[in-house]
Amino acid sequence: MTTFSPAEPTIPGADPSPRKPRANLPAGSCDCHAHLFGPQATYPYQADRSYTPPDASEASYRHLLRTLGFQRAVLVQPSVYGTDNRRMLDTLAAQAPGDDIEWRGVAVVDPSITDGELDRMNRLGIKGIRINLVFPGGISFKAVEALAQRVHDFGWHVQFLVDVSRFEDLERKLTGLPTAVVVDHIGHLSAHLGTSDAGFKVLRNMVASGKAWVKLTGPNRISSYAQAPFLDVDPMLRALVDANSERCLFGTDWPHVQLPTPIPNDGDLVDEFLRLVESPSLRRRILVENPALLYGFAPQL
């Protein structure tokens, strides 16, 4: 009988002691970007992954959400699982009525996925698919267009991990899709390029016109600063909020895989958002109203 031996993590885990933010979040706030990992014996990682994370459990994530003040959460399929969405789907399927956290998900799918499987995902709370345009090995854009046409029937969106400074013809390709479009991590371009970068200007214009949503996640991913405050990201985040606050979302990016900087305390990341978005009405729009619209949560009265 073969004994299972889990692969050793190659990256650190999240800070296990998140601290409360300096101000309470509005009721119905949503963390729009997080991942779950493990255990490996039940949910094995694909062989050609670029990292091996330590376990990041639902229990640990629930603790984070309650500490920070979120009542809603969107799980995003991480690359180490490829198109095997079972870790996320099992979590969604296990939620009972009356749960104090409301859940949604964004999947990664193969073009060969059946309509029946898409329908099952939809019933479990999947609201979009994620496409990786940063790292090699992804599907062609023609395949993206075909998938977008299929998921449009469910009212889903297409979420892109893309470095907007390095992707040619971004606006034409993304806004030509029949679905809503979401761009991860403030466009995933280095902060030193700033708001004058041509790709960032395209992103800002897409947000301003309502053609794209943007996640104000991961300032620590693109900053030259090792810890908060990530001052070089400030102009970019403010430019996107000023362009169209109705197309902005916030997420913790927990548990922070493959960071170029030290693992942050998630309370610091929420405080960064609160520092830059001071208006209570804007905070409510970005944390509550926008996620409710995109992910199909009930309006918060």
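Asp 253 is buried, with a relative accessible area of 2%; buried means under 20% relative accessible area, exposed over 50%, and partly exposed in between (1.4 Å probe, protein chains only). This is a predicted model, in which local features need pLDDT of at least 70 and side-chain atom pairs count only at pLDDT 80 or more, while totals for chains, interfaces and linings use all residues. Residues are numbered from 1 along each chain as its sequence is written, and side-chain values use heavy atoms, with hydrogens and water left out.

**Overall architecture**

- The protein has 10 helices and 8 strands. Helices (H or I, at least four residues) and strands (E, at least two) are DSSP runs, numbered from the N terminus.
- The C-alpha trace spans about 60 × 45 × 40 Å along the principal axes of the protein.
- Of the 301 residues, 53% count as buried.
- Take the contacts between residues at least 6 apart in sequence: 77% of them join residues at least 24 apart. Contact means heavy atoms within 4.5 Å.

**Surface and charge**

**Backbone features in loops**

- Asp 253 sits in the loop between β8 and α9. Its phi is near 70 degrees, a positive value in a residue other than glycine.
- Pro 255 is also placed in the loop between β8 (248–249) and α9. The peptide bond from Trp 254 to Pro 255 is cis, with omega near 5 degrees.
- Gly 38 and Pro 39 are joined by a cis peptide bond, with omega about 0 degrees. Pro 39 lies in the loop between β1 (30–34) and α1.
- His 185 has a positive phi of about 50 degrees, although it is not a glycine. This residue is in the loop between β6 (180–183) and α6 (198–208).
- His 185 counts as buried, because its relative accessibility is 3%.

**Cysteines**

- The disulfide count comes to 0. A disulfide is a pair of cysteine sulfur atoms within 2.5 Å.
- The closest cysteine sulfur to that of Cys 32 is in Cys 30, at 3.8 Å, too far for a bond.
- Cys 248 is in no disulfide either; its nearest cysteine sulfur, that of Cys 32, is 11 Å away.
- Cys 32 counts as buried, at 0% relative accessibility. Cys 248 is buried, with a relative accessible area of 0%.

- Helix α9 (residues 266–276) is mostly covered, with 9 of its 11 residues buried.
- Its buried residues include the acidic Asp 266, Asp 271 and Glu 272. Among the others are Leu 269, Val 270, Phe 273, Leu 274 and Leu 276.
- The buried residues of α9 pack against α1 (58–68), α7 (219–222), α8 (234–243) and α10 (280–295).

**Asn 290**

- Asn 290 is placed in helix α10. At 5% relative accessibility, Asn 290 counts as buried.
- Leaving out residues up to four places away in sequence, Asn 290 touches Trp 213, Ser 245, Glu 246, Arg 247, Cys 248, Leu 249 and Arg 285.

**Lys 173**

- Lys 173 lies in helix α5 (residues 170–175). It is partly exposed, because its relative accessible area is 27%.
- Lys 173 touches Phe 141, Phe 167 and Glu 168, again not counting residues up to four places away in sequence.
- Lys 173 and Lys 142 are 31 residues apart in sequence, and 9.9 Å apart in space, C-alpha to C-alpha.
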